[in-house]
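Please read this report alongside the sequence and the model.

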Amino acid sequence: MPSRRLFLKNTLLAGTGMLAGIELWRQWLPFPDDVVGGSTRWPAVIATWDNRKATAAAWQILSAGGRALDAVEAGARVAEADPNDTSVGYGGLPDRDGNVTLDACIMDEFGNAGSVTYLQHIKHPVSVARRVMEKTPHVILSGDGALEFALSEGFPKENLLTEEARRAWEAWKVKSEYRPVINSERHDTIGIVAVDAQRRLSGACSTSGMAFKMRGRVGDSPIIGAGMFVDNEVGAAAATGLGELVLKTLGSFLIVEEMRRGKHPQKAVEKAIRRIAQKYPQQARENQVGFVALDRRGRHGAFSLQPGFNYALFQAEQNLVFEAASLFAR
Ligand code: SD4
């Protein structure tokens, strides 16, 4: 009997050892399907919407062997500085009282995270979020406190309300109807996640939030696990669209957890979109949410509620924009 027990125990141990071996191999070696035309799938960077300028800035860092964290920050800064992007940073549409208030977050390969919410007058909230992560004992700084911290870190105080955004606000005030616009200009909140040559994952998200929101409103974008999430063992995800729906379903966290269970990033993002539709059918029909995801093997996924969501992917020396599939047809 003892020998039978020993045999069983040894078999079990051998099995577990083999599985552990496979796991190790899975984590550190490229799979055959990770090889695209002779080059591996990493480094890679994916961003919500046609943010090819952002992915190009990220790629400069990634292709030089740089860190994914630096790449996603550089990418987000491109969208933040662009006055034509009316949903991010400078040029972002204000709240209903005319204030441009910004939300952003960042997360690195160690699981460190930083975030700012309701930040005014600072053009690069993603960089302030990074300082929160690296220089404070906290994860989130908000409003005046975030501004104070940014100024103490040497960020310049600027007027972020462009003439164009001010005119759009004046026009909105005529009716003062709050109606989130689906795919507004197809150039929106930036969620950007990357895996670098050393297979370190990082992500960032930056937005001016929903145009003409209530004063004080904070969306999903600066909330770790909602607007963006990274787990270096698994993958990373980011969101765009009506933040309230992403907040209530913790979309980015859900996607990473689905990938942890072995799902392909595409299947994982589809699950998060379906979850929204299942829990909030009416709101899901009338609004847009889109997700992008990347796993540590450099495989990606993108999916949205409504058609019209696109994304930029820089991988294997190519910077391309793709149309994401969607749950509903319009
Ligand atoms: C928010 N998710 O504040 C952001 C807005 C956005 O495309 O993504 N717009 O809810």
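## Basis of the model

This is a predicted model, in which local features need pLDDT of at least 70, side-chain atom pairs count only at pLDDT 80 or more, and totals for chains, interfaces and linings use all residues. Residues are numbered from 1 along each chain as its sequence is written, and side-chain values use heavy atoms, with hydrogens and water left out.

## Ligand site

The residues around the ligand are Asp188, Thr189, Thr207, Gly209, Met210, Arg217, Gly219, Asp220, Ser221, Thr240, Gly241 and Gly243; a residue counts here if one of its heavy atoms lies within 4 Å of the molecule. This shell divides into one nonpolar, eight polar and three charged residues. In this grouping Ala, Val, Leu, Ile, Met, Phe, Trp, Tyr, Cys and Pro are nonpolar, Asp, Glu, Lys and Arg are charged, and the others, Gly among them, are polar.

Polar contacts are pairs of N or O atoms within 3.5 Å. The side chain of Thr189 has an N or O atom 2.7 Å from an oxygen atom of the ligand, and for the side chain of Thr240 the distance to an oxygen atom of the ligand is 3.0 Å. At Gly241, a backbone N or O atom lies 2.7 Å from a nitrogen atom of the ligand. The protein buries 96% of the 290 Å² that the ligand exposes when taken alone, with areas from the Shrake-Rupley method and a 1.4 Å probe.

The ligand takes the space of the largest cavity. A cavity is a set of points, on a 1 Å grid over the protein atoms alone, where a 1.4 Å probe fits but cannot get out; a molecule sits in it if more than half of its atoms lie within 2 Å of its grid points.

## Five-stranded sheet

An open sheet of mixed pairing has five strands in the order β9-β10-β11-β12-β15. β9 (228–231) and β15 (325–326) are at the edges with a single partner strand each, so one side of each has no neighbour in the sheet. Strands are DSSP runs (E, at least two residues) numbered from the N terminus, and two of them pair if DSSP finds at least two bridges between them.

Strands β11 (residues 289–295) and β12 (residues 300–304) run antiparallel and are joined by five bridges. Val292 has Ala302 in β12 as its bridge partner.

## Backbone features

The peptide bond from Trp42 to Pro43 is cis, with omega near 5°. Pro43 is in the loop between β2 (39–40) and β3 (44–48).

Phe212 is not a glycine, yet has a positive phi of about 65°. The loop between β8 (201–207) and β9 holds Phe212.

Notes:
Polar contact = N/O pair within 3.5 Å; in protein donor to acceptor, adjacent residues only side chain to side chain. 1 Å grid on protein atoms, 1.4 Å probe; cavity = no way out; pocket = protein on both sides within 12 Å on 5 of 7 lines; lining within 4 Å. Helix = DSSP H or I, 4+ residues; strand = E, 2+ residues; numbered from the N terminus.
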